[in-house]
Amino acid sequence: MWDPVTVADLALSVDHLTKRFGSRVAFDDVSFEVGRGEVFGFLGPNGAGKTTTVRTLGTLISPSSGSATVAGVALKPENGVEIRRRIAIMPEAPGLYSRLSVAENLSCFAELYEVAEPKQRIATALRSVKLEDRAGDPCGSLSKGLRQRVALARALLSDPQVLFLDEPTSGLDPAAARDVHVLIEDLRDRGVTIFLTTHRLEEAERLCDRVAILNTTLQTIGRPADLRDRLFSKTLTVRLVAQLADPGGVFTGLPGVEGWRSDGPCTYVLNVADPVKAAPAVTRALVSHDADVLSLSESRHSLEDVYMQLLDEREDGRGS
Amino acid sequence: MNTGRRRVAAVFHKELREYRHNGNIIVAMTIFPLVFIIQPLVQVFTLSSKAAIPLRHEHSLLYMLAVPVLVPATLASYAVVGERLQGTLEPLLSTPLRSRELLLGKALAAFVPSVILSYVIFGVFIAVVELFAAHPVASAMVRGPDLLAQLVFTPLLSVWSIWVGIAISSRCSDPRTSGQLAMLASLPVVAVTTLIALNVIPPELKVALGFGAGLLVLIRLGGRFAASLFDRERLITNTK
């Protein structure tokens, strides 16, 4: 797990980066850092600028302003080749030569990266995506999930310091998406820095050490749990068999309980500073008032809640 | 700046593999040479010995110079637009490959088969004429200077045609349009060789040297022009 305090060297450092296409702003004033070995999620709605950010950091397009360091190399036109030697990008569409076999596709890219012992490297890459037995198949004959795995094998050929995965599970069925998740987890375990753009919030929550939410500008950045804590107050949800006669009398003044509201006839939501400390006091209070308790649970907000909240706030900001 | 030979070779070999698997390219590469060999051969076989006299004033072999113009134009016109169409341009440009290495690899992959094919077609034509045409007709058609012109101008015309094809391919988003425009752009050069073949432009040493020098200049400018049109950002984002 990445620790921002102890990581001295950074895989990516982005400082006030902006990209404009004429009058259209793709992303604006984006700054963040990604540590070596971190899995960094980059979330945002369609058109938020995620892919353009990846392309900019991958030296495919040049920024309009700002600066960045990618795999230890300053993002400048003259450093394009050196940066591309150290990174790999897996675009949303696999982009394989459909008439060529899996092995022929990988062989071409192994040569382009000038890898030593290309045959061995291709075999290793195919093994890591479990496609050793499909090496001779034309890529055009593979399913979308398998093509995505070939694209991932291609991205692994050069043993990149930073791997950019742009919507790697887009359009895949759940089983194929799970296979890709397992591969990403395996890469994380091997210490590869991964920059993952995705629409799938459960994917980001499962795989990423930290996430950033982009909507042309950077909305927020942090660990998923920290973002939840930052945006939502912690709550306990109490479900009873029967309605309390005087809920205010039960909940008001309990240690750790900052407020309460009714959420249906027999359900109460309590705002608490620390659910672990507040729950025993709440239980005791309910029992002392002869309440029949069905459940007492901490309410969990998902990354999706965080995402929707941030986007709603932005929409509200635009409207007002 | 260095040019990565291994990367150029990678593009070259990849292109050749794609040609081999792509029936459309093989058909396109076959049609033009067939058109340019069948019609003259039919004509040669129907000529009597008397026809040798007017033939001495023509340079029929130079018609064949259209092959090294049209075949590489077909291949090169698919070079960049084909990658965009397949969605392979972005992965390709994400590697350490420089733009000029990509273009060089593509150009070589169009050049080598085109020149080999042109020489083979030319050789077949000469062999058939020498073996089966009436002797006076054969000796009127197959002349040393024309052979030399064919050998020298075939690679020069191919390179020029390739740069034109790649330049057009870099600006087009549709392969059919790209192919048609490349053909159209090749026609002026074919017209010049045809005028020489018909003796309208006298095939003298001065003309050959001038034509050769002009082609060398055009090749130099064409290469730069093609490279300048290959704009990574525009090709990736479809902007500008």
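Into which domains is chain A divided? In this predicted model, in which local features need pLDDT of at least 70, side-chain atom pairs count only at pLDDT 80 or more, and totals for chains, interfaces and linings use all residues, chain A is divided into domain 1 (10–229) and domain 2 (233–298). Residues are numbered from 1 along each chain as its sequence is written, and chains are lettered from A and ligands numbered from 1 in the order in which they are written. The domain bounds come from an automatic or database domain assignment. Between the C-alpha centres of domain 1 and domain 2 of chain A the distance is 46 Å.

Chain A contains an open sheet of four strands in the order β12-β13-β11-β14, with antiparallel pairing. Strands (E, at least two residues) and helices (H or I, at least four residues) are DSSP runs numbered from the N terminus, and two strands pair if DSSP finds at least two bridges between them. The edges are formed by β12 (257–262) and β14 (293–298) of chain A; each has a single partner strand, so one side of each is left without a neighbour in the sheet. On average, and with direction ignored, neighbouring strands of this sheet are turned by 20° against each other. Five bridges join strand β11 (residues 235–240) of chain A to β14(A) in the antiparallel sense, and A:V238 stands opposite A:L296 in β14(A). Helix α10 (residues 275–288) of chain A packs on the sheet, where it touches β11, β12, β13 (267–272) and β14 of chain A. The direction of α10(A) makes about 25° with that of β11(A). Axes are lines fitted to C-alpha atoms, for helices over the stretch in contact, and angles run from 0 to 180 degrees between N-to-C directions.

In chain B, the axes of helix α9 (residues 144–171) and helix α10 (residues 175–197) come within 9 Å and cross at roughly 145°. Residues of α9(B) in this contact include B:L157, B:W160 and B:V164, and those of α10(B) include B:L181, B:A185 and B:V189; two residues are in contact if their C-beta atoms, placed from the backbone, lie within 7 Å. The contact comprises eight nonpolar, five polar and no charged residues. Here Ala, Val, Leu, Ile, Met, Phe, Trp, Tyr, Cys and Pro count as nonpolar, Asp, Glu, Lys and Arg as charged, and the others, Gly among them, as polar.

Between the chains, 26 residues of chain B are in contact with 26 residues of chain A. On the chain B side, α1 (5–21), α6 (89–93) and α12 (232–237) each supply at least two residues. The largest share, eight residues, comes from α1(B). By class, this side of chain B has seven nonpolar, ten polar and nine charged residues.
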